[in-house]
Amino acid sequence: MQFGKSMRLAALLCASLCLLTAPLARADALPVAGHLPDLEFSLTDNAGRPVTANDYRGKTVLLYFGFTSCSAQCPLTMARLSAALRALGPKGDAVTTLFVSIDPAHDTPEGLRAWLKPFAAAHPVGLTGSERAVAALARRYRAAYRPGSLAHGTAVYLFDGAGRARYLLTEDESGAGIEAVLKTVAASS
Amino acid sequence: MSPLYWLTPWEPSFVVAAATLLAGLAFWRGGRAARPGFGRILAFWSGLALLYIVSHTQFDYYAEHEFFMHRIQHAVLHHLGPFLIALSRPFPVFAAVLPLERLKKPLAAPLRVLTRPVAAVILFDALIVLWLSPPVHFLGMIDWRLYRLMNWGMAVNGLMFWGQALNGGRWSPACRILMMLAVVPTQIALGVVIMTAPHELYPVYGICGRAFGGLSPLTDQRIGGAVLWMCAAMTSVAGILIVLWRDVVASGRTAFSRPVLGRAAGR
């Protein structure tokens, strides 16, 4: 009796081990609803105004951490978001992209505004603030941030109009994929 | 940056701080009555300090953002920290100041089941496999509640397992040696799978951002697999040698004799 039970448990253990060898399905948009907290921050926007998450309620928000002297990943991501929102047409107006600087010592509101100009289709807002304020936002979403380091993640965090976290968009996400996810979120919120 | 900064918690947790403080205070006060030797005192405080450092300092940031650092964190939470604390046999020390027997009563039934050797071995390995299965690992790393559940689960299970393996009152030394041996193969197999995987098993670290920019994802993964493999083998070997020496050779008894009840209170 005891033995049979142990064998069944051992079989279960082996089965879970096999799961490991299968690569994680690279679903383009990873659903995170219920796992990440609602959008909340207190920073300065690229017009130099203090803003909080409440200022973006009612909008679908794409949140991304980057810095303006980033030469590859940040501009590529912003270009992808711009293209996807352009393809959405007028519906894209309900979306705001928040670009949070992980280099607040160098990225001024004016610098952010200038850097974001080519990505106007993504309706971008550059956000910066004290190291402490940026760290609080990064910690909230488990995003890498260390003062003085420019390492950052590839994720774009997607929030619905009520500020609820819905998806993580990875760098493998195509423009069409982003468009589809945005439509889903817009339809359900 | 001041050295004190590294000791500030990355994600402050009242429960971790309170539990550490309570355990430390109880051992210190209980030590006056129970008079543990220097070796036991050293083992207890180093175990407690290690547990605290990996879970409530800036170390935690690196554990969230680099797979191999996460594996080191778990090596301490599940292996080294609980191992050292179990080695200090803190139960009689705590019992001198806390009503442990009364506190243990409601837990007696589940504990009796979970500490059966086969159940303890399965539970120990199942926790590792569960949190390392990629979909679960992803959620554990992004959801702070699951993250805490994972880390607490590791520490509590580690204390249960090593406490029983090193001091387990009800079981013979041979049985406890077998327990420590039995948890090794799964961990080595898992370590090898992770070390030799040709693709990234845990993309969450790249998605949320890596702590060390210069380390490639696969190198990080391989070091993490090696940590899992080595710490499994090393802790078990150390435990087996300790039980062999202390409970068989030095005690002059056979490996199959059940320990005399109450023995754990001595020395």
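This is a predicted model: local features need pLDDT of at least 70, side-chain atom pairs count only at pLDDT 80 or more; totals for chains, interfaces and linings use all residues.
Q: In what order do the eight strands of the open sheet in chain A stand?
A: The pairing in this open sheet of chain A is mixed. The twist averages 35° from one strand to the next. Reading across the eight strands, the order is E1-E8-E7-E4-E5-E6-E2-E3.

Q: Which strands of chain A stand at the edges of the sheet?
A: An edge strand has a single partner strand, so one side of it is left without a neighbour in the sheet. In chain A this holds for residues 29–31 and for residues 50–52. These strands are E1 and E3.

Q: Which residue is the bridge partner of A:Leu62 in E7(A)?
A: Strand E4 of chain A covers residues 60–66, and strand E7 of chain A covers residues 156–159. The two pair in the antiparallel sense over four bridges. Within E7(A), the partner of A:Leu62 is A:Leu158.

Q: What angle does the direction of helix H2 of chain A make with that of E5(A)?
A: Helix H2 of chain A, residues 73–88, packs on the sheet and touches E4, E5, E6 and E7 of chain A. Of these, E5 spans 95–101 and E6 spans 124–128. The direction of H2 makes with that of E5(A) an angle of about 175°.

Q: Which residue in the turn between E2(A) and E3(A) has a positive phi?
A: Strand E2 of chain A (residues 42–45) pairs with E3(A) in the antiparallel sense over three bridges, and A:Leu43 stands opposite A:Val51. The two strands form a hairpin with four residues between them. In that turn, a positive phi of about 85° belongs to A:Gly48.

Q: How many residues apart are A:Arg140 and A:Glu40?
A: The side chains of A:Arg140 and A:Glu40 meet in a salt bridge, at 3.5 Å from N to O. The pair links distant parts of the chain, with A:Arg140 in helix H4 (residues 131–140) of chain A and A:Glu40 in the loop between E1 and E2 of chain A.

Q: What area do chain A and chain B bury between them?
A: In this interface, 31 residues of chain A are in contact with 41 residues of chain B. Carbon and sulfur atoms account for 66% of the buried area. The area itself is about 3200 Å².

Q: Which element of chain A gives the most to the side that touches chain B?
A: Two salt bridges are found across the interface of chain A and chain B, among them A:Arg142 with B:Glu64 at 3.3 Å, N to O. There are also 14 residue pairs in polar contact between the chains. By class, the side of chain A that touches chain B has 17 nonpolar, 10 polar and four charged residues. The element that gives the most, with eight residues, is helix H1 (residues 2–21) of chain A.

Key:
Residues are numbered from 1 along each chain as its sequence is written. Chains are lettered from A and ligands numbered from 1 in the order in which they are written. Side-chain values use heavy atoms; hydrogens and water are left out. Two strands pair if DSSP finds at least two bridges between them. Axes are lines fitted to C-alpha atoms, for helices over the stretch in contact, and angles run from 0 to 180 degrees between N-to-C directions. Contact means heavy atoms within 4.5 Å. Buried area is the accessible area (1.4 Å probe) that two parts lose on being put together, summed over both. A salt bridge is a side-chain nitrogen of Lys or Arg within 4 Å of a carboxyl oxygen of Asp or Glu. A polar contact is a pair of N or O atoms within 3.5 Å; within protein, one must be able to donate a hydrogen and the other to accept it, and residues adjacent in sequence count only if both atoms are side-chain atoms. Ala, Val, Leu, Ile, Met, Phe, Trp, Tyr, Cys and Pro count as nonpolar, Asp, Glu, Lys and Arg as charged, and the others, Gly among them, as polar.
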